[in-house]
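Subject: Structure for your review

Hello,

Please find the structure below. My notes follow it.

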Amino acid sequence: MTSADMGKAKSGSLYAPRKAIYPKEVEGEFRRIKWGLLAFTLSVYYLLPFVRWDRGPGAPSQAVLVDFPHRRFYFFFIEIWPQEVYYLTGLLILAALVLFLMNALAGRVWCGYLCPQTVWTDLYLAAERWIEGDARERARKDAGPRSAKIWREKIAKHSLWLLIAWWTGGAWVLYFADAPTLVYALATFQPGISEAYIWIGILTFTTYMLAGHMREQVCLYMCPWPRIQAALTDEYALNVTYRYDRGEPRMSLKQASALRLAGAPAGDCVDCGQCVAVCPTGVDIRKGASFGCVQCGLCIDACDAVMGKIGRSARLIAYDTQMNCDRRRKGEAPVYKPLRARTIIYAALILAIGALMTAKLATREDAALSVLHDRNPLAVTLKDGSIRNAYTIRFANMSAEPRRFLLETSGVEDAEVEIVGVEPDIEGRMIVGVGADQTRETRVLVTWRGARRAKGQTPILFTSKELESDASVTMRDVFVTP
Amino acid sequence: MSTRQAHSDAARIDPHSKTRTTGHEWDGIEELDTPLPRWWVITFYATILWSIGYFLAYPALPTLSGGTQGLIGWHSRASVARDMEQLNEIRGPVLERLANAPLEEIEARPQLLSAVRALGAAAFANNCAGCHGAGAQGAKGYPNLNDDDWLWGGKLADIRRTIEHGVRWDADKETRSETMPAFGRDGMLDAKQISIVADQVRAMAKLPGGKATPQGAKLFDDNCSVCHGVDGKGNHDMGAPNLTDALWLFGSDKETIASRIANGGGGVMPAWKDRLDEPTIKALTIYVHTLGGGE
Ligand code: SF4
Ligand code: SF4
């Protein structure tokens, strides 16, 4: 985008006002796809918190829930504990790779169809059109004097926008608490949920600002993706492209027919400006690939309609590559290469990380053990000359039932093991009970009579055996002799 | 090379962008005078206004005897006090359970135990770590609380009493006041006798080079066994250390032992009863007891 497109300022003025963009309504294939995706993504967002998932008594029965007070994240059959945030990291890496792959195949399709900024802006534009009319009408109303009717429309529009924004913020907080309960609490103004109100307030404000007032400015000034995307793309990626090999030179329909009759070359573009009129970011795609273009395909729909009317074939603007425009001009056949080094690598990485995460999830233990050696002091000498090391051992029971774990050590011969607060049973076994879905931290003292024989560090293994199933987890640490 | 000079005032309109130039030019490249976006300028002014408001509202300027107070009366001290209040509110239920539970039962209740240990660890770091070390590992003359050797007893009640009333802390009437006499300084034993007793003690402790003699045994019996016991195994009631184990608070070489005999005395610990509240003392007791040395 050149500075000329960004709105003109009077010479010497300190700022340039935003050039208002009035995107025109358009119908066509890509518009239909966009409506479909809009309906789909918004329904997922608004309805997902209400999907129930039975996890048994005591556990929340919400399919997707971020439970901050209990530090759990629930996603359908998956329950993530704080120490397992690497799943989240994995998901973020996957998301980035999918974005890269989409970009290698078809440019910024994410921006045009799926980005929340695009989806909500689209919804806001639809609301605006519904109340104030289409582009030309809105431009006229904004330029002319304000009548009472215009004021009424403006108020209606902003109220509708705020309503959507409020609903958006409302849906957001439902992901953090039991949705039906919270809806009831919100609707009946129950006390003690001020945090929910604050978050609804924040999300209402940001939605209203970003989708209502800032629109394409978010894509142009605030979003980092266009900058990154520009560095990641190559000449084989499909982008919304004006086929200048076919469209140029532009001229009126009459001129073009005359030229064609005479056997002279003529372009298909009739310079009607429809492609620019419908563009939500105000781009003239005929100037070439643009950083302001979010690849929504609406200009394709607009131009296709024009081509239909003048009896020329569709897709003067299409998902295509600059390279192919040049090739066709030279009489070479266009090339499409979805299988390229980068797409194959991205796909392979996605599969690998996806498989790794699935495997990890499928084989994950529902018990965990962590061992922390006392650092200060590392070792203690006792009256009889034996050496004692102390450890903080945390048992995690990630199942829905209370369970008992037997703690055993090996590696240090005839070590005496004590757990503070836990009495050994008749057989001298150390058994630690942990409640359902809980952890228990214990202080474990290991005394070694023969330690004097072993200077330095001796490896020691701690094993926790689940009493009923015999499943066990082993952690390694060291016994330190001074 | 262009013939025009940099920083000439020849601002002009750039034919391509239709934007005015600043007139600055370097090697043929001119700088456009592109205006800032309005939202940016507004944001910039808004931050300036905000900073002025902030400056007035909060303590900002230092003066010779303090500083400006700010119009809304905010104070970091007050905010800390509020945080502390909130913390105590959260801790309230635990503190209450702690206050009501007998010391002996706390360790058997996992949740209470972990809360109390956390509380005790913090109190220990604030009050005790200065002498006993951050990990209660002690130092020469300051007992290691992780081991199983106790001068005044390692049962919960003993530990609690030591914390409450201190050791040789004259300001507390109930403090432990027994003290090792200075046998040499006060002329009860001469240097030769002290050396013999030191050898005797080292022999009782099976330290290499220790030397038991009939004279040494007699001297020990006459002078030391009252407190340290006939067999040298010490006495918790008097704070007399066990002389036969592997742990030596001041060191086990002959010179150190002889000097302890000659000069007497012992460590001092403050009484905490008036400085710490009941739940904190309880938490500290449990914490020290669970370090590993508790009896
Ligand atoms: S140029 Fe076309 S594809 Fe790009 S943002 Fe505008 S309308 Fe959408
Ligand atoms: S809509 Fe098509 S015909 Fe009209 S100006 Fe754009 S490219 Fe040319």
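Predicted model: local features only at pLDDT ≥ 70, side-chain atom pairs only at ≥ 80, totals over all residues.

Residues are numbered from 1 along each chain as its sequence is written, chains are lettered from A and ligands numbered from 1 in the order in which they are written, and side-chain values use heavy atoms, with hydrogens and water left out.

Ligands

A residue is taken as near a ligand if one of its heavy atoms lies within 4 Å of it. For ligand 1 the shell consists of Val240(A), Cys279(A), Pro280(A), Thr281(A), Val283(A), Ile285(A), Cys293(A), Val294(A), Gln295(A), Cys296(A), Gly297(A) and Cys299(A). By class this shell has 9 nonpolar, 3 polar and no charged residues. The classes are nonpolar for Ala, Val, Leu, Ile, Met, Phe, Trp, Tyr, Cys and Pro, charged for Asp, Glu, Lys and Arg, and polar for the others, Gly among them.

Around ligand 2 are Tyr242(A), Cys269(A), Val270(A), Asp271(A), Cys272(A), Gly273(A), Gln274(A), Cys275(A), Arg286(A), Cys303(A), Met307(A) and Ile317(A). Here the division is 8 nonpolar, 2 polar and 2 charged. Helices α13 (274–278) and α14 (298–310) of chain A each supply at least two residues of the shell around ligand 2. Helices (H or I, at least four residues) and strands (E, at least two) are DSSP runs, numbered from the N terminus.

Cores

A nonpolar core is a set of buried Ala, Val, Leu, Ile, Met, Phe, Trp, Tyr and Cys residues joined through side-chain atoms within 4.5 Å. Buried means under 20% relative accessible area, exposed over 50%, and partly exposed in between (1.4 Å probe, protein chains only). The largest nonpolar core has 43 residues, and those that touch the most other members are Val240(A), Tyr242(A), Ile285(A), Cys299(A), Ile317(A) and Tyr319(A). A second, separate core has 22 residues, including Leu369(A), Ile387(A), Leu407(A) and Val432(A).

Tyr242(A) belongs both to the largest core and to the residues around ligand 2. Apart from neighbours within four places in sequence, Tyr242(A) is in contact (heavy atoms within 4.5 Å) with Gly247(A), Glu248(A), Arg250(A), Cys269(A), Ile285(A), Arg286(A), Leu316(A), Ile317(A) and Cys325(A).

Cysteines

With a disulfide defined as a pair of cysteine sulfur atoms within 2.5 Å, the count over all chains is 0. The sulfur of Cys111(A) is 6.2 Å from the closest cysteine sulfur, in Cys223(A), which is too far for a bond. Cys219(A) is in no disulfide either, and the nearest cysteine sulfur, that of Cys115(A), is 6.5 Å away. Cys111(A) is buried at a relative accessible area of 7%, and Cys219(A) is buried at 14%.

Two strands pair if DSSP finds at least two bridges between them. Strand β2 (residues 64–67) pairs with β3 (residues 72–75) in the antiparallel sense over 4 bridges. Asp67(A) has Arg72(A) in β3(A) as its bridge partner. The hairpin of β2(A) and β3(A) has 4 residues between the strands.

In β3(A), Arg72(A) and Tyr74(A) form the covered face, and Phe73(A) and Phe75(A) the uncovered one. In a regular strand the side chains alternate between the two faces of the sheet.

Cis peptide bonds

The bond from Glu248(A) to Pro249(A) is cis, with omega near -10 degrees; Pro249(A) is in the loop between α11 (244–247) and α12 (253–261). Asn376(A) and Pro377(A) are also joined by a cis bond, with omega about 5 degrees, and Pro377(A) is in the loop between β7 (367–373) and β8 (380–381).

Chain B

Chain B has 11 helices and 5 strands, and buried residues make up 36% of its 295 residues. Asp27(B), which is not a glycine, has a positive phi of about 45 degrees. Asp27(B) sits in the loop between β1 (21–26) and β2 (29–32) of chain B and is exposed at 62% relative accessibility.

Regards
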